[in-house]
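Here are some exercises to work through with the structure open beside you. Try each task before you read its solution.

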Amino acid sequence: MSETKSIVIRGATVVNPDAVFEADVRVVGALIDAVGDALEGDIVLEGKGCYVSSGFVDLHTHLREPGKEEAETIESGSRAAALGGYTAVVAMPNTDPAQDNVATVRFVREQGIKANLCEVMPSGCITVGRLGAELVSYSGLADEGVTLFTDDGSGVQDEDTMKRALVSARLANVTLAQHCEVSSLTNGAVMHDGACCSSLGVPGWPALAEEQMVQRDIDLVRATGAKMHFLHLSTQGSVQLVRDAKAEGLPITAEVTPHHLSLLDELLTSFDPNFKVNPPLRTAADITALKDGVLDGTIDAIATDHAPHAGHTKEQPLDQAPPGMLGLETALAVVNTAMELDARKIVELMSWNPARIAGLDMRHGRAIAVGEPANICVWNTAEVWEVSREGLASKSKNTPYHGMNVRGRVRHTLFNGQIVVNEGKATR
Amino acid sequence: MKHFLSTHDLSVDEIVQLLELADHMAEINSRAVPKVPALRGKTIASVFFEDSTRTRLSFETAAKRLSAEVMTFSASTSSVNKGESLRDTIETLGAMGVHAFVVRHKSSGVPKQITQWTNAAVVNAGDGWHQHPTQAMLDAYTITRNFGDKESMAGRTIAIVGDIKHSRVARSNIDVFTRMGATVVLVAPDALLPSSIETWNVSTASSIDEVVGHVDVLYMLRMQRERMDESLIISMKEYTDLYALTEKRAARLAPHALLMHPGPINRGVEMQVDPSEVPGSRILQQVANGISVRMAVLFSLLGGEISPVASLGGDA
């Protein structure tokens, strides 16, 4: 066995919760060994002009395995994650079979360990088969390390089922994450129900469908005292509801996706199914409200909702194509291009907060300091690059950003002290 | 013009020019032998993923009068039934040598999507609730030629009655009529109007009685019974009470007013009067004009560099 080599990240600006400062960072084995000036090491990673921070954590990743390996595998998705600066992702449970049982959850975790590109944290379903009826045993999956439960792709429609789920979740000390959508209001929906939708002649996805479930769940959180995380909020009304609920002191967190901060519903005038997503792209007023929510802390985390779909499925008519878009490899750049955020805020939204919400904060989302786990990324906010679907590591190509120029890029990613991304390229 | 997908792609000038070209086509159609060699050697594929009689026949007749070859495809008797994808269908037909696809599909946007899989011209023959641009052209042609002002509908009031929300005809016509200067009034129950109607340059009325006495054009849409059943919007009785054209209402039309309908007519539903008894009815004229207008569209797309009138044998 060879001697463990030390890695030095040279000349970057360290972003920590309590301070932002220039320093070299040395990693030996799986831990940070030194933070200081003029450090020496066996391998040197250039960090000039970059920030170095804890690796990003994605609360919302669809890895498609098991069940839809033609769209993505845990390995290809993990590589996309590493390239996006992520050292941990929460794998959504809408696989086939669904992640409502110990065997499937273990399979997902083990495939992640095998790929060894980032930590793959399986989430669990709220209800068996995501059918919205029978509750999953949260404590049973919590024993497997699952902390976050969701029926993502659909919301739990029935009030009583959701209330009982929250009571059980509280007992098991896990967090439920809701995809807020009253399905009876979105039957056949294709895009945001607004002026553009009326003009294009497709069934609309009203903001009300999201906001009604946000409101209902806030009421249920108040009634049960359980924790709740809101997935991919997309409307002005939702942001205000969550803002008010937080002011009341309710144990609620919320995420927003890079695409809901950057893309308008009007892009659907192209009828390109790569712009179809659930919840749908909304209006300029919604984008402004979501940005305000990010800035004032109503929104806790940026989450990608990375949703690969095989090419042929996105070549169907818009009303038949499945919703979803890639996000892992473009998240930092898209958010940085859409908003003026300082480095500390970016790390808070993409690493510290999501790590805490997912219960991953023993290993991820921590300070750059001696003795801490070396789950790190090195990134900048200045580099301009053009997104190309061919250049992405994901097995699917359904990025909505193809051909667009974005600003900010991940240079290096270290997972468990190993270099998985070097100068923007995956090392394995 | 590479494709003919949506009225929104055309300026008013382009619309006016196209209608002028349709005048030439109408002249050809009036001849004893209504056929010219303008598109000889061109192949036009008529690709109807959704059933249609009149639009398909109208396009195919238009193509034949210009001497184009017509390749006919209908989804109900094709490999689409065997699960062939849209892309594969278009690429396969394209490989046979097609200069233009005339496409009808039940999903909005399909003609536009198809343009990425072929170098041929694509003509939208109706997509979902989105657009039916040749219908708008033939309706604009019918209105302007009847009123004698070929370039404008300024000062005209046009009422469109029926299920606006689910109507591609309405979307195309509202765009063309308003941009040509007409005042458009939509007559429909709220549930059959699109949700953002306030962003359209139109007004609304809640019964046909409010408008019938003072419009220049009464444009009736086909009411689809299945829509009513599926959404339980309003009962058929209530609908016909407020929105059907009865004999009594037709009698209130101004002497110069036109009655139009894109067909097929639902007798006893939105049309409770025999249109042949209404002096202002231009419903059959619309059908005849459809051929001339579609000839103009196909010729604009495939007719090449030479001046239209010369290559059409205008001196024949």
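**Exercise 1. Is chain A compact or extended for a chain of 428 residues? Compare its radius of gyration with that of a compact globule.**

Please keep in mind throughout that this is a predicted model. Start with the expectation: a compact globule of 428 residues would have a radius of gyration near 22 Å. Chain A has 21 Å, which agrees with that value. Next, look at the outline: along the principal axes, the C-alpha atoms of chain A fill a box of roughly 60 × 45 × 40 Å. For the interior, 59% of the 428 residues in chain A are buried. Finally, take the contacts in chain A with a separation of 6 or more: 75% of them are accounted for by residues 24 or more positions apart. In secondary structure, chain A has 11 helices and 21 strands.

**Exercise 2. Repeat the analysis for chain B: how many helices and strands are there, and what is the radius of gyration?**

Chain B contains 11 helices and 9 strands. Its radius of gyration is 20 Å, close to the 20 Å from the globule rule for 316 residues, so chain B is as compact as a globular protein of that length. The C-alpha trace of chain B spans about 50 × 50 × 35 Å along its principal axes. Buried residues account for 46% of the 316 in this chain. Of the contacts in chain B between residues at least 6 apart in sequence, 76% join residues at least 24 apart.

**Exercise 3. How are helices α7(A) and α9(A) oriented to each other, and which residues make the contact?**

First find the two helices in chain A: α7 covers residues 236-247 and α9 covers residues 284-296. Their axes come within 8 Å and cross at roughly 25 degrees. Angles under 35 degrees count as roughly parallel, and α7(A) and α9(A) are therefore roughly parallel to each other. From α7(A), the contact is made by A:Q236, A:V239 and A:R243. From α9(A) come A:A285, A:D286, A:A289, A:L290 and A:G293. By class, the residues of this contact divide into 4 nonpolar, 2 polar and 2 charged.

**Exercise 4. Which residues of the largest nonpolar core touch the most other members, and what does A:V52 touch?**

The largest nonpolar core has 133 residues, and A:V52 and A:F149 touch the most other members. Helix α11 (residues 343-357) of chain A gives the most to this core, with 7 residues. Now centre the view on A:V52 and leave out residues up to four places away in sequence. The residues that A:V52 touches include A:I9, A:A12, A:T13, A:V14 and A:V25. Also among them are A:G47, A:I368, A:I376 and A:V378. There is a second, separate core of 95 residues, which includes B:L5, B:L21, B:M220 and B:I291.

**Exercise 5. How many residues does each chain bring to the contact between chain A and chain B?**

Chain A brings 16 residues and chain B brings 20 residues. On the side of chain A that touches chain B, helix α5 (residues 195-200) gives the most, with 3 residues. Sorted by class, that side of chain A has 6 nonpolar, 7 polar and 3 charged residues.

**Exercise 6. Where are the cis peptide bonds that join A:D96 to A:P97 and B:G263 to B:P264?**

In chain A, the cis bond between A:D96 and A:P97 has an omega of about 5 degrees. A:P97 sits in the loop between β9 (86-91) and α2 (102-115) of chain A. In chain B, the cis bond between B:G263 and B:P264 has an omega of about -10 degrees. B:P264 belongs to the loop between β9 (258-260) and α10 (283-302) of chain B.

**Exercise 7. Are A:E423 and B:S67 exposed or partly exposed?**

Begin with A:E423, a residue other than glycine with a positive phi, near 50 degrees. Its place is the loop between β20 (418-422) and β21 (425-426) of chain A. A:E423 has 11 C-beta neighbours inside 10 Å, so it counts as exposed. B:S67 also has a positive phi, of about 70 degrees, although it is not a glycine. You will find B:S67 in the loop between α2 and β2 (69-74) of chain B. With 14 other C-beta atoms within 10 Å, B:S67 is partly exposed.

How values were computed
Residues are numbered from 1 along each chain as its sequence is written. Chains are lettered from A and ligands numbered from 1 in the order in which they are written. This is a predicted model: local features need pLDDT of at least 70, side-chain atom pairs count only at pLDDT 80 or more; totals for chains, interfaces and linings use all residues. Two residues are in contact if their C-beta atoms, placed from the backbone, lie within 7 Å. Helices (H or I, at least four residues) and strands (E, at least two) are DSSP runs, numbered from the N terminus. Ala, Val, Leu, Ile, Met, Phe, Trp, Tyr, Cys and Pro count as nonpolar, Asp, Glu, Lys and Arg as charged, and the others, Gly among them, as polar. The radius of gyration is taken over C-alpha atoms; the globule rule is 2.2 Å times the number of residues to the power 0.38. A residue is buried if 20 or more other C-beta atoms lie within 10 Å of its own, exposed if 12 or fewer, and partly exposed in between; C-beta atoms are placed from the backbone. Axes are lines fitted to C-alpha atoms, for helices over the stretch in contact, and angles run from 0 to 180 degrees between N-to-C directions. Angles under 35 degrees count as roughly parallel, over 145 as roughly antiparallel, 65 to 115 as roughly perpendicular and the rest as oblique. A nonpolar core is a set of buried Ala, Val, Leu, Ile, Met, Phe, Trp, Tyr and Cys residues joined through C-beta atoms within 7 Å.
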